[in-house]
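Please have the sequence and the structure in view while I speak.

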Amino acid sequence: MISWRGYLAVVVARFRVLLQYRAAAVAGIVTQIFWGCIKIMVLAAFFAVAVETPPMTFEAVVVYIWLGQVFLGLLPWNHDSELEELFRSGGVAYELLRPLDLYWFWFARTLAFRTAPTLLRMLPGTLFAVAILPVIGLPEWALTAPASVMHGLVFLVSFIGMVLLSCAVSILISISMFWMLEARGLVVITTGVVPVLSGMVVPLPLFPDWAQPFLQAQPFRGLCDVPFRLYSGDIPLELAGQEIAFQFAWVLVLILLGYALIAHARKRVVVQGG
């Protein structure tokens with residue numbers, strides 16, 4: 001029977017280490033606030049000249065943008081550089097000898113890697129979007145409360161799915177390093193693909209109709225589109241169950257894929273640098 005105490009210790013220890021990077025967090029949240037305002041201005045201009053009724057209200061788009069900026073660190077658009085160094089130096093051999101399941105050990109590391117920096121940036125970013133914007137005369141740009149109490153509750157459940165899905169995608173990037181000398185090539189690809197397909201760059205409902213079947217089926221939609229639209233009420237409560245099921249179904253698929261890839265990789269491991 002698997003004991004989760006060891007994995008919890010990994011999360012806690014890694015979380016404490018990552019919380020020390022406060023200066024980087026301050027720089028990051030300033031950048032995210034700046035880009036959030038830019039994106040709102042751009043989309044406000046489009047809404048002002050729209051000749052047809054947009055598929056989302058401007059209020060829902062504003063919520064979408066600010067939640068995206070606040071939770072940007074959760075997106076799997078980068079990777080754990082320390083884990084990459086283990087592959088480059090040959091230290092991954094020690095990872096294979098640990099008395100823990102390798103997949104869940106890396107999952108625990110990744111969970112801390114995604115959540116600790118996000119926590120540092122989330123609080124000041126939320127404060128700016130909720131409290132400061134109305135004070136400086138921009139209430140229509142402010143982040144509002146969930147559409148209802150129930151929308152807030154389903155958002156919390158969907159948020160858990162978002163975190164797990166992000167970790168599952170991140171683990172696949174880490175596993176790929178069994179066959180690559182480094183992960184920079186794959187990271188460059190994910191840096192461009194994930195923000196677009198998740199809806200971080202432009203909310204997915206605003207894409208053309210011909211692209212919607214693909215956008216609605218691909219897993220990255222569960223990173224931003226589902227939780228943020230549940231928060232704003234753009235997704236009605238009667239559809240919340242199937243949308244959350246969509247997220248967790250992809251989490252299960254990607255975890256099983258990660259397990260299969262690790263099992264395949266362990267059959268023949270080439271250790272670099274050791």
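Which element gives the largest share of the lining of the largest cavity? Before I answer, a word on provenance: this is a predicted model, in which local features need pLDDT of at least 70 and side-chain atom pairs count only at pLDDT 80 or more, while totals for chains, interfaces and linings use all residues. Residues are numbered from 1 along each chain as its sequence is written, and side-chain values use heavy atoms, with hydrogens and water left out.

The answer is H6, with three residues; helices here are DSSP runs of H or I with at least four residues, numbered from the N terminus. A cavity is a set of points, on a 1 Å grid over the protein atoms alone, where a 1.4 Å probe fits but cannot get out, and lining residues have an atom within 4 Å of a point. Grid points are joined across faces, edges and corners, and the volume is the space filled by probe spheres set on the points. By this rule there is one cavity of 30 Å³ or more, and the largest cavity has a volume of about 40 Å³. Its lining consists of Asn78, His79, Asp80, Leu83, Thr110, Phe113, Arg114, Ser170 and Ser174, and the elements that give two or more residues to it are H6 and helix H7 (149-176). By class, this lining has two nonpolar, five polar and two charged residues, where Ala, Val, Leu, Ile, Met, Phe, Trp, Tyr, Cys and Pro count as nonpolar, Asp, Glu, Lys and Arg as charged, and the others, Gly among them, as polar.

Both of those helices also pack on H11, and I take H7 to begin with. The axes of H7 and H11 come within 9 Å and cross at roughly 20 degrees, where axes are lines fitted to C-alpha atoms over the stretch in contact and angles run from 0 to 180 degrees between N-to-C directions. H7 and H11 are therefore roughly parallel, given that angles under 35 degrees count as such, over 145 as roughly antiparallel, 65 to 115 as roughly perpendicular and the rest as oblique. The crossing is left-handed, meaning that the near helix is turned anticlockwise from the far one by less than a right angle, with clockwise giving right-handed. Their contact, by class, has 20 nonpolar, four polar and no charged residues.

Turning to H6 (residues 102-135) and H11 (residues 240-266), their axes come within 10 Å and cross at roughly 125 degrees, and the two helices are therefore oblique to each other. This crossing is right-handed. The contact (heavy atoms within 4.5 Å) is made by Leu102, Tyr103, Trp104 and Trp106 of H6 and Leu254, Ile255, Gly258, Tyr259, Ile262 and Arg266 of H11, and by class it has eight nonpolar, one polar and one charged residues.

Key:
On a 1 Å grid over the protein atoms alone, a cavity is a set of points where a 1.4 Å probe fits but cannot get out, and a pocket is an open set with protein on both sides within 12 Å along at least five of seven lines; lining residues have an atom within 4 Å of a point.
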